[in-house]
Amino acid sequence: MAKVRERGQYPTVREAERVARIVLSALGGHLTGQERTELAVRLPQEGTRVLTDQLQVTKAMSGAQFVDSVAARIEGATPATARWDVSSVLSVVAELAGDDLLDRIIDRLPPGYALLFGRAQLAARLVPAA
């Protein structure tokens with residue numbers, strides 16, 4: 001929580017915890033299988049519970065839709081403040097996940113999530129047939 005508080009510039013640990021819970025609960029519905037399990041064991045205990053207690057969503061969301069869904073859960077949030085909150089939490093999650101796991105998570109999510117984790121979204125390069 002100290003990293004989330006620092007990254008998000010939250011005034012208290014309690015505020016950082018509140019935001020982290022909201023973001024992790026939203027993310028938990030979008031991750032499944034091995035990636036969800038591997039990420040859960042790398043999070044602090046409370047984060048593990050919040051991430052794994054979520055039911056899988058029935059409709060995938062783009063990164064922008066994900067931010068909007070988080071904004072709807074945070075009282076007084078705007079899309080800009082929600083993006084800050086999401087990025088503050090997910091950039092710390094990215095560090096805890098490590099490169100390999102984070103790559104697999106981003107590959108499984110719809111476009112637009114990489115930047116939320118602090119990564120560039122690379123498009124597959126089409127190579128013309130010879």
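**Close-up views of a predicted model**

**Figure 1. Buried residues of helix H2 pack against other helices.** The buried residues of H2 are Ala 16, Val 19, Ala 20, Ile 22, Val 23, Leu 24, Ser 25, Ala 26, Leu 27 and Gly 28. Their packing partners are helix H1 (2-8), helix H3 (33-42), helix H4 (45-52), H5 and helix H6 (79-97).

**Figure 2. Ser 25 is a buried residue of helix H2.** The relative accessible area of Ser 25 is 14%; since buried means under 20%, Ser 25 is classed as buried. When neighbours within four places in sequence are left aside, Ser 25 is in contact with Val 50, Gln 54 and Arg 73.

**Figure 3. Phe 66 and Tyr 113 form a tilted aromatic pair.** A search of the whole structure finds 1 aromatic pair. The ring centres of Phe 66 and Tyr 113 are 5.4 Å apart, and the ring planes meet at 50°, so the pair counts as tilted. Phe 66 belongs to helix H5 (residues 63-73), whereas Tyr 113 lies in the segment after helix H7 (99-108); the pair therefore ties together parts that are 47 residues apart in sequence. Both Phe 66 and Tyr 113 are buried.

Terms used. Residues numbered from 1 in each chain as written. Predicted model: local features only at pLDDT ≥ 70, side-chain atom pairs only at ≥ 80, totals over all residues. Heavy atoms only, no water. Phe/Tyr/Trp six-rings, centres within 6.5 Å; stacked < 30°, edge-to-face > 60°. Helix = DSSP H or I, 4+ residues; strand = E, 2+ residues; numbered from the N terminus. Buried < 20%, exposed > 50% of the residue type's maximum accessible area, 1.4 Å probe, protein only. Contact = heavy atoms within 4.5 Å.
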